Amino acid sequence: MLNTKINVSLNSEMRKKYGARRFPVVRGDIVKIVSGSRKGEGGKVIGVSHKTKKISIEGITIAKSDGKQVEYYIDHSNLVITKLDLSIEGRYNKIKEITARKNLPVPEPEKPAESEATPVESEEIGEEENSGETIDLPQNEEESEEVDADSEDINEEEDDDNEN
């Protein structure tokens with residue numbers, strides 16, 4: 001039977017804060033590599049392979065022979081968790097349970113990241129309305145005069161091209 005949880009050590013600060021030595025790693029946790037060729041690097045967990053017990057970290061890739069960059073999986077024993085993603089209710093409840101047993105203060109729940117928040121609805125722009133160009137509007141009169149002079153130069157160049 002396949003064990004579905006991969007426990008990774010917590011850093012010393014988190015051990016004191018949560019009263020646990022190890023905790024299951026999930027996508028979204030922040031980890032740091034403590035041994036191996038990539039020692040000192042770290043980042044957000046983007047993948048967990050339960051079969052091989054290895055973890056992929058955002059920004060840590062390896063080049064294949066054809067030049068493509070692929071995820072580099074690191075063994076769980078070479079990592080330490082520096083920040084837990086407590087936006088998952090089950091994980092937060094588990095931390096509350098552990099801290100209560102150890103008589104430690106209960107940590108505050110984290111709010112979900114901005115990227116996970118629901119997007120604000122906006123009006124759709126038709127293809128003919130959006131040409132993909134950005135236009136900088138002048139902030140004061142001096143800039144507007146410069147813009148007018150530039151646009152006249154451009155228009156003159158276009159007229160010259162059309163005559164030829």
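Guide: Start with a polar contact: a polar atom in the side chain of threonine 99 sits 3.0 Å from the backbone oxygen of lysine 96. (A polar contact is a pair of N or O atoms within 3.5 Å; within protein, one must be able to donate a hydrogen and the other to accept it, and residues adjacent in sequence count only if both atoms are side-chain atoms.) The model is predicted: local features need pLDDT of at least 70, side-chain atom pairs count only at pLDDT 80 or more, and totals for chains, interfaces and linings use all residues. Residues are numbered from 1 along each chain as its sequence is written, and side-chain values use heavy atoms, with hydrogens and water left out.

Threonine 99 belongs to helix α2. (Helices, H or I of at least four residues, and strands, E of at least two, are DSSP runs numbered from the N terminus.) Threonine 99 is buried, because its relative accessible area is 0%. (Buried means under 20% relative accessible area, exposed over 50%, partly exposed in between, with a 1.4 Å probe and protein chains only.) Leaving out residues up to four places away in sequence, threonine 99 touches Lys17, Tyr18, Leu104, Pro105, Val106 and Pro107. (Contact means heavy atoms within 4.5 Å.)

(A salt bridge is a side-chain nitrogen of Lys or Arg within 4 Å of a carboxyl oxygen of Asp or Glu.) The structure holds three of them. One joins arginine 91 to aspartate 29, at 2.8 Å from N to O. This pair links distant parts of the chain: arginine 91 is in helix α2, aspartate 29 is in the loop between β2 and β3 (30-33), and 62 residues separate them. Both arginine 91 and aspartate 29 are buried.

Another salt bridge pairs arginine 101 with glutamate 97, with 3.5 Å between the closest N and O atoms. Both residues lie in helix α2, four residues apart, about one turn of the helix. Arginine 101 is exposed, because its relative accessibility is 57%. Glutamate 97, at 44%, counts as partly exposed.

Rolling a probe the size of a water molecule over the atoms shows where empty space is left. (On a 1 Å grid over the protein atoms alone, a pocket is an open set of points where a 1.4 Å probe fits, with protein on both sides within 12 Å along at least five of seven lines; lining residues have an atom within 4 Å of a point.) The second largest pocket has a volume of about 190 Å³. (Grid points are joined across faces, edges and corners, and a volume is the space filled by probe spheres set on the points.) Its lining has 13 residues, with Lys5, Phe23, Pro24, Arg91 and Lys94 nearest the centre. β2 (22-24) and α2 (89-101) each supply at least two lining residues. α2 gives the most, with four.

Finish in the loop between α2 and α3 (141-163), where asparagine 103 is found. Most residues other than glycine have a negative phi. Asparagine 103 has a positive phi, near 55 degrees. Asparagine 103 is exposed, because its relative accessible area is 71%.
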